[in-house]
Amino acid sequence: MIPLLILSIIAVYIFVERLLTIRKAGAYDPQFMGVIKQYIQEGKLEGARSLCRGANTPVARMIEKGLSRIGRPLNDISAAIENVGKLEIYRLEARLNLLATIAGAAPMLGFLGTVIGMIRALYNMSNQPEINIALLSGGIYEAMVTTVGGLIVGIMAYVFHNLLIAQVEKVVNSLEARSIEFLDLLNEPAR
């Protein structure tokens, strides 16, 4: 049960830490792109870059990279933004694989406890001349508790993992929308 308790603590920690990180990354100021557009139209690229550095969000880092590539072909700008976006997604997905591993391993640890409990019950029974229900019940109890513990931790980690994946997908969609908006802005004819 101690390994299951440790896995449950790790799963809760990862869930809370990732949820806070993902929510922070998904926070978006609706005026941000409007201000960027205004700076670009006025030719104040350094002001736009400064705004991006001050925002310190994934969207801002992507736009800042795009701004640093202005003057190059649009494909180069797009590739630079895409590369930064991939890094941002990698950061958002950090430790989600560990959560998925816990979701798969916890039930197996629970079943291992079940097997050990049943072996212990059968061993205790084999060493007694007379079958005693108390000998059986202790091992069966241990087997059932570890099974339940493993399933609870596994289900919890599985749900946490899927909730976080859904949150990451929302942020990814937002990042894609902002990068498309930025590239469209660069494609607009000059006024």
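Is Glu181 buried, partly exposed or exposed? At 34% relative accessibility, Glu181 counts as partly exposed. Keep this residue in mind; the tour returns to its surroundings below. The model on screen is a predicted one.

**Whole chain**

Start with everything shown as a cartoon. The protein has seven helices and zero strands, so the order of elements from the N terminus reads α-α-α-α-α-α-α under the DSSP-based naming of helices. Turn the model along its principal axes: the C-alpha atoms fill a box of roughly 95 × 25 × 20 Å. The radius of gyration is 27 Å, whereas a compact globule of 191 residues would have one near 16 Å. Colour by accessibility next, and buried residues come to 35% of the 191 residues. Of the contacts between residues at least 6 apart in sequence, 75% join residues at least 24 apart.

**The nonpolar core**

Select Phe32, Ile36, Ile63, Leu67 and Phe182. These residues have the most contacts inside the largest nonpolar core, which has 39 residues. At least two residues of this core come from each of α1 (2–26), α2 (32–41), α3 (45–55), α4 (58–68), α5 (74–92), α6 (96–126) and α7. Helix α7 gives the largest share, eleven residues.

Now centre the view on Phe182. Apart from neighbours within four places in sequence, Phe182 is in contact with Met33, Ile36, Ile40, Ile63, Gly66, Leu67, Ile77 and Ile81.

**Helix α6**

Select residues 96–126, which make up α6. Several residues of α6 are buried, among them Leu96, Ala106, Pro107, Gly110 and Thr114.

**Thr147 in α7**

Go on to Thr147, in helix α7 (residues 133–187). Is Thr147 buried or exposed? Thr147 counts as buried, because its relative accessibility is 14% and the cut-off for buried is under 20%. Leaving aside neighbours within four places in sequence, Thr147 is in contact with Gly110, Phe111 and Thr114. Gly110 and Thr114 are also among the buried residues of α6.

**Salt bridges**

Side chains of opposite charge can pair when their charged atoms come close. The count of salt bridges comes to ten.

- Show Arg178 and Glu181. Their side chains meet in a salt bridge at 3.1 Å, N to O. Both lie in α7, three residues apart, about one turn of the helix. Arg178 counts as buried at 18% relative accessibility, whereas Glu181, at 34%, counts as partly exposed.
- Show Glu82 and Lys86. This salt bridge is 3.6 Å, N to O. The two residues lie in α5, four residues apart, about one turn of the helix. Glu82 is partly exposed, with a relative accessible area of 44%.
- Show Arg53 and Glu46. The closest N and O atoms of this salt bridge are 2.7 Å apart. Arg53 is partly exposed at 42%, and Glu46 is partly exposed at 48%.
- Finish with Glu17, Arg18 and Arg95, which are linked in a network of salt bridges.

Definitions and conventions: Residues numbered from 1 in each chain as written. Predicted model: local features only at pLDDT ≥ 70, side-chain atom pairs only at ≥ 80, totals over all residues. Heavy atoms only, no water. Buried < 20%, exposed > 50% of the residue type's maximum accessible area, 1.4 Å probe, protein only. Contact = heavy atoms within 4.5 Å. Core = buried A, V, L, I, M, F, W, Y, C linked by side-chain atoms within 4.5 Å. Salt bridge = Lys/Arg side-chain N within 4 Å of Asp/Glu carboxyl O. Rg over C-alpha atoms; globule rule 2.2 N^0.38 Å.
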